[in-house]
Amino acid sequence: MTKTTKPSGKSDARFAPIAARLIAAREAIGLEQTDFARRAKIAQNTYNQYEQAKRRPSLDNAIKLCRAYNLTLDWIYLDDPSGLSARLWGQIRDRRGD
């Protein structure tokens, strides 16, 4: 039997890089958090936990983000921008200050 854990009120440093990439992508696309989550068909409170580094996106939800915004799993989880469009990567890079 698998133990299910609920996210605590604190952020988890392990998830902070993913949270930062999601925020950078959302801001580069120019959407508020609510609209970003809704368009990807993810509950807003769930997506909020991703940006607050309280949870890591499930694979299913990460795929939803990839499909809705032309992101890649490599970008979300590994910070590998090679599969992103040049335009989107440029916008994200400008936001992050790379």
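Okay, some ground rules. This is a predicted model, where local features need pLDDT of at least 70 and side-chain atom pairs count only at pLDDT 80 or more, while totals for chains, interfaces and linings use all residues. Residues are numbered from 1 along each chain as its sequence is written, and side-chain values use heavy atoms, with hydrogens and water left out.

Let's start with the rings. There are four aromatic pairs here. To pair, rings of Phe, Tyr or Trp (its six-membered ring) need centres within 6.5 Å; planes under 30 degrees apart are stacked, over 60 edge-to-face, and the rest tilted. Take Phe-36 and Tyr-47: their ring centres sit 5.4 Å apart with planes at 55 degrees, so that pair is tilted. It links distant parts of the chain, with Phe-36 in helix H2 (residues 33–39) and Tyr-47 in helix H3 (residues 44–51), 11 residues apart. Helices, by the way, are DSSP runs of H or I, at least four residues, numbered from the N terminus.

Now, how are the rings of Tyr-47 and Tyr-50 arranged? Their centres are 6.1 Å apart and the planes are at 80 degrees, so we call that one edge-to-face. Both lie in helix H3, three residues apart, about one turn of the helix.

Are these tyrosines buried or exposed? Tyr-47 is at 0% relative accessibility, so it counts as buried, and Tyr-50, at 1%, counts as buried too. Buried means under 20% relative accessible area, exposed over 50%, and partly exposed in between, using a 1.4 Å probe and protein chains only. Phe-36 is buried as well.

On to charges. Side chains of opposite charge can pair when their charged atoms come close. The model has three salt bridges, meaning a side-chain nitrogen of Lys or Arg within 4 Å of a carboxyl oxygen of Asp or Glu.

One of them joins Arg-26 and Glu-51, at 2.6 Å, N to O. Arg-26 is in helix H1 (residues 16–29) and Glu-51 in helix H3, so this bridge ties together parts 25 residues apart in sequence. Both of these residues are buried.

Then there's Arg-38 with Asp-35, closest N and O atoms 2.5 Å apart. Those two share helix H2, three residues apart, about one turn. Arg-38 is exposed at 54%, and Asp-35 is partly exposed at 32%.

Last up, Arg-14 meets Asp-12 at 2.6 Å, N to O. Arg-14 is exposed, at 63%, while Asp-12 is partly exposed, at 21%.
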